[in-house]
Amino acid sequence: MATPSLAMIPSAYADSKLYSVLPNNGDGDFTFTRDSAATRIGSNGLIQTVGFFGNDLITNGDFTTDSDWVKGAGWSIEGGVAVCDGTQTAGTFLRQDGTYTNGVTYKITFTVTVTGGSIVARLQSGGATVLGPVIENSGTYTQYLTSTGNNDFRFRGSTGFVGTVDNVSVEEVLNNQPRLNYDLNANGEPSSCPSFLMEKDATNLSVNSQDFSRDAWGKLNATITANVTTSPDGLINADKITDDTVNANHRVSDTFAVTDTKNYTMSVFAKYVEGSDVDKIFLLGQTSTPTTRAYFDIKNGVALTGGGTIQNYGNGWYRASMVVTANATGNLSFGIGLTDTDGSHNYSGTGNGQMFIWGAQSELNKAQTTVYAYSSSYVPTTNIVQTRALETCLDGGNANTFNNLEGVLYTEIAANANDTSFRAINLNDGTATNRVTIRYRTDINVINVRIEANNVNIIAESISVTDALDFQKVAFQYTSGDIKVFIDGVSRYTDTTTYTNLTIDRLNFDNGEGSNKFRGKCKDLRVYNESLTDAQLIALTQ
């Protein structure tokens, strides 16, 4: 088979770059932007925050000298650690001033020993404070906090906190890194090769998404024990919810503002606790009556009554999701509850009904149908909402990379959701008047191919697929007079229309002029500057 003129098989990246294998002189590399941190599934199957890291902004983070830190009452530096002796009040801090940028995420690592009480890391700018999770156990912790201004960095111990702090580091997360995502199979196992993941922007409206002990999460006939087991990100930061002995609801819940008739997707990661008297949870969403509920068997990983979806994240963890349509403008209550019976949210607790929970997320279900409860990649929050910004990937190749007369655009792609918007991969000249396009249409489970030459529509064909959420191998031969489409080894379209005035000089993950950005996963992307035989197209797409 011919050698591609451009080949992007997701494997290499740098800040603001997604590298192509061919051409190997840099002409095929894409420019990538996303002005925020984001998460992916790593090759080890764990959720990871994506980003390169800047210089450490903390001086004397190992406390080798008694300097650089402002010590409130009860704090001292001695023996190579910061020590809190329990005499402080809740309003005294161990602090170091710094220059932090509003809206930027910082990776914070430190080691604590806890003899009594609890401690919280925080970024503070005037009255605006960003809090990390409450820490009650000794260990080394990694947290990601997003600044709200020209903050200082602080530790605040509870009244009576006794313990030490050491090895403190604060590094800026540089955001423009493409996400090479290792998709999980039905058993929660990561794929051997990654796909390039692109999504819409999303805001997690549930604050303290990893710390259900906070007051933002109301407790109804239930208690929370914080940071008791390893979560899907590999850190010991997952909580445990435990019922009491009344016959009623047993749940935690928060509230956030919503707009009438809009769809919201709610999700949480949950894991069955061995020996627990319950093995199910329910998700609740309510603005006014009626209340939406979906039920899930977490022990066996099954979505039950209510139309929710569930995904295996390995190590006993499942992500349970449901869609709620707001029936009023105001506050929506998002609940996560325990239950022992499918379809019933009330039961007689025993004090031993338990479940591990982590990573709550509530997001506007943008331009999506309620058919599929798509939960976008996890956006962790502290005491404020957080947003994953819009992603763009543009300008792979140049005029010398492509052939205007004939060729094949090939890709292996899957949609993120049964969306209601166009999502395109496009050979073009920076406009929508010259383009060779493979895209998902507004119709569910449809792939559309299109050729426009000098603002003249040459062909536009929609081809149904069984499930756009599954990966499809699509080869689109755009040769004048010999147009073909093969999907998964099968010829799906042929056309003998001729044209002569096509101009292409780049490959974009959009429609050519900035809209209809691709939203999905791409495992392979190639352009051939010559026609291929049917046998070659079959071999390429099987």
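**Entry 1: charges over rings**

I began with Lys107, which lies over the face of Phe53, 4.4 Å from the ring centre. For this label, NZ of Lys or CZ of Arg must be within 6 Å of the ring centre and within 35 degrees of the ring normal. I then found Lys523 over the face of Phe471, at 4.4 Å from the ring centre.

**Entry 2: what I am looking at**

I noted that this is a predicted model, where local features need pLDDT of at least 70 and side-chain atom pairs count only at pLDDT 80 or more, while totals for chains, interfaces and linings use all residues. Residues are numbered from 1 along each chain as its sequence is written, and side-chain values use heavy atoms, with hydrogens and water left out.

**Entry 3: aromatic pairs**

How many aromatic pairs does the structure hold? I read off 19. Rings of Phe, Tyr and Trp (its six-membered ring) pair if their centres lie within 6.5 Å; planes under 30 degrees apart count as stacked, over 60 as edge-to-face and the rest as tilted.

I looked up Phe110 and Phe155: their ring centres are 5.0 Å apart and their planes stand at 80°, so this pair is edge-to-face. The pair links distant parts of the chain, with Phe110 in strand S12 (residues 105-116) and Phe155 in strand S16 (residues 152-157), 45 residues apart. Strands here are DSSP runs of E, at least two residues long, numbered from the N terminus. Both Phe110 and Phe155 are buried, a word that means under 20% relative accessible area, with exposed over 50% and partly exposed in between (1.4 Å probe, protein chains only).

Next I took Phe282 and Tyr295, a tilted pair with 5.9 Å centre to centre and 40° between the planes. Phe282 sits in strand S27 (residues 280-286) and Tyr295 in strand S28 (residues 292-297), 13 residues apart. Are these two buried or exposed? Phe282 is buried at a relative accessible area of 0%, and Tyr295 is buried at 5%.

I also wrote down one aromatic cluster, formed by Phe30, Phe32, Phe196, Tyr440, Phe509 and Phe518.

**Entry 4: an open sheet and a hairpin**

I traced an open sheet of 4 strands in the order S2-S3-S4-S36, with antiparallel pairing. Two strands pair if DSSP finds at least two bridges between them. The edge strands are S2 (13-14) and S36 (392-394), each pairing on one side only. S2 and S3 are antiparallel and share 2 bridges; I saw Tyr13 opposite Leu18 in S3.

Then I followed strand S5 (residues 38-41) to strand S6 (residues 47-50), an antiparallel pair joined by 4 bridges. Which residue of S6 is the bridge partner of Ala38? I found Val50. S5 and S6 form a hairpin with 5 residues between them, and Gly45 in the turn has a positive phi of about 85°.

**Entry 5: backbone notes**

I came across a cis peptide bond between Leu22 and Pro23, with omega about -10°. Pro23 has its place in the loop between strand S3 (17-18) and strand S4 (30-33).

Asn60 has phi near 60°, lies in the loop between strand S7 (52-56) and strand S8 (70-71), and is buried at 11% relative accessible area. Asn516 has phi near 50° and is found in the loop between strand S45 (506-508) and strand S46 (520-528). At 25% relative accessibility, Asn516 counts as partly exposed.
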